[in-house]
Amino acid sequence: MDPVSSRPVQIGVQIAPQHVDYSAIRRAAVQAEDIGVDIVFNWDHFLPISGDEHGKHFECWTMLAAWAELTSRVQLGPMVTSIGFRNPDLVADMARTIDHISGGRLILGIGAGAMERDFAEYGYEFGTPGSRVGALAEALPRLEHRFAKLNPQPVRKIPVLIGGGGEQKMLRLVAEHADIWHWFSSGAEFARKKQVLVERCAEIGRDPGEIELSAGVHGEPEVNGVALLEQGVTTFTLEVHGPDFDFSTVRAWVAWRDGLGGPGRTAEDSARAPA
C-alpha cells in the first residue's frame, strides 16, 4: 500500500446525536456543510455513550434520511451501523433509499457492534466478539446480493466503509469487502494494523491500494494529519459534541486540507507540491 494516494484528501465530522435536541443537531449538520467538510457522520447507538446514560439520544438511520434532504453537497453515513440491529437486506434497502434521497451521497459505514448496553436495552443478543464478527461476515455478501437486486439500483456503487481493527477476522473482512477501512484512532497502532491489512489483502490476492484509508483524528492537523497522510490516510474524521458543537478544531482541519491544495486535491498532488 503506497504511502501516497491519488485519492482526494477529505475531512469528515461525526456529529454526536446525544444530550441535545434535534434542532441543535440539525444546525450542526448545516454548519458542517457550510464550513466545507466533505463527509458528515452520525453513529448507530440507541443510548448515550458518554455522560448521562439516560440522557437524550436519537436514532441513526432516520436522522440520515433527514440529513439527505437537509444537505446538498456532503457525503453522509453512519460511523458505523451495527449489523446486529437490522436485517442485512433491510440495511441495503435503507442505504439505497437514502442514496437516492441524497442524490448519490451515502457511505455505508458498517461494523460488528461493541456496546453491550445497546443490545441489552433493545432486546438483541450481544453474543461474543467472535459471534458478532461472524454475523458481519454473513451479512456482507447479503448486502452485496441485495444491492444487485434492488429496483431502482443505488445512484452509485455505495461505498462500504468497515470500521474495526481485529487483526485475525475483521481485517480479513475489510480485505474481502471494504471500499474504505476506518480505524477509530491514530498513531503507531494505525501503522501496525495497516500492515496487517496489507497481509490480509495478499492472502486473497487483492491490491490493498483499492481500499481507501480513513482514521479518527483530533488535535493539530499539522502534526497528526501529516503523519497519517504519510501512512496513506486520505479521510480524517473528528467528533463534535453538544450542546455547543464547537467546530473550531474542524475548521483547522478544513484549512489544513485547503492548504494542501483545496477540496479534491489529492495526497499525491500535495506530496509533489514544493514546500
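User: Is F236 buried or exposed?

Analyst: This is a predicted model, in which local features need pLDDT of at least 70, side-chain atom pairs count only at pLDDT 80 or more, and totals for chains, interfaces and linings use all residues. Residues are numbered from 1 along each chain as its sequence is written, while side-chain values use heavy atoms, with hydrogens and water left out. Buried means under 20% relative accessible area, exposed over 50%, and partly exposed in between (1.4 Å probe, protein chains only). The relative accessibility of F236 is 0%, so F236 counts as buried.

User: How many aromatic pairs are there?

Analyst: Rings of Phe, Tyr and Trp (its six-membered ring) pair if their centres lie within 6.5 Å; planes under 30 degrees apart count as stacked, over 60 as edge-to-face and the rest as tilted. By this rule, the number of aromatic pairs is 12.

User: Why do the rings of F85 and F119 count as tilted, and how many residues apart are they?

Analyst: Their planes stand at 55 degrees, with the centres 4.9 Å apart, so the pair is tilted. F85 lies in the loop between β4 and α3, and F119 lies in helix α4. Helices (H or I, at least four residues) and strands (E, at least two) are DSSP runs, numbered from the N terminus. The pair links distant parts of the chain, and the separation is 34 residues.

User: Which strand and which helix are tied together by F236 and W256?

Analyst: These two residues form an edge-to-face pair, with 5.2 Å from centre to centre and 85 degrees between the planes. The pair ties together parts 20 residues apart in sequence, because F236 lies in strand β9 and W256 in helix α9.

User: Over which ring does the charged end of R132 sit?

Analyst: A charge sits over a ring if NZ of Lys or CZ of Arg is within 6 Å of the ring centre and within 35 degrees of the ring normal. For R132, the distance to the ring centre is 3.9 Å.

User: Which are the edge strands of the open sheet?

Analyst: The open sheet has 9 strands in the order β3-β2-β1-β9-β8-β7-β6-β5-β4, with parallel pairing. Each edge strand pairs on one side only, and these strands are β3 and β4.

User: How many bridges join strand β1 to β9?

Analyst: Two strands pair if DSSP finds at least two bridges between them. Q10 stands opposite T235 in β9. Strands β1 and β9 run parallel, and the number of bridges joining them is 6.
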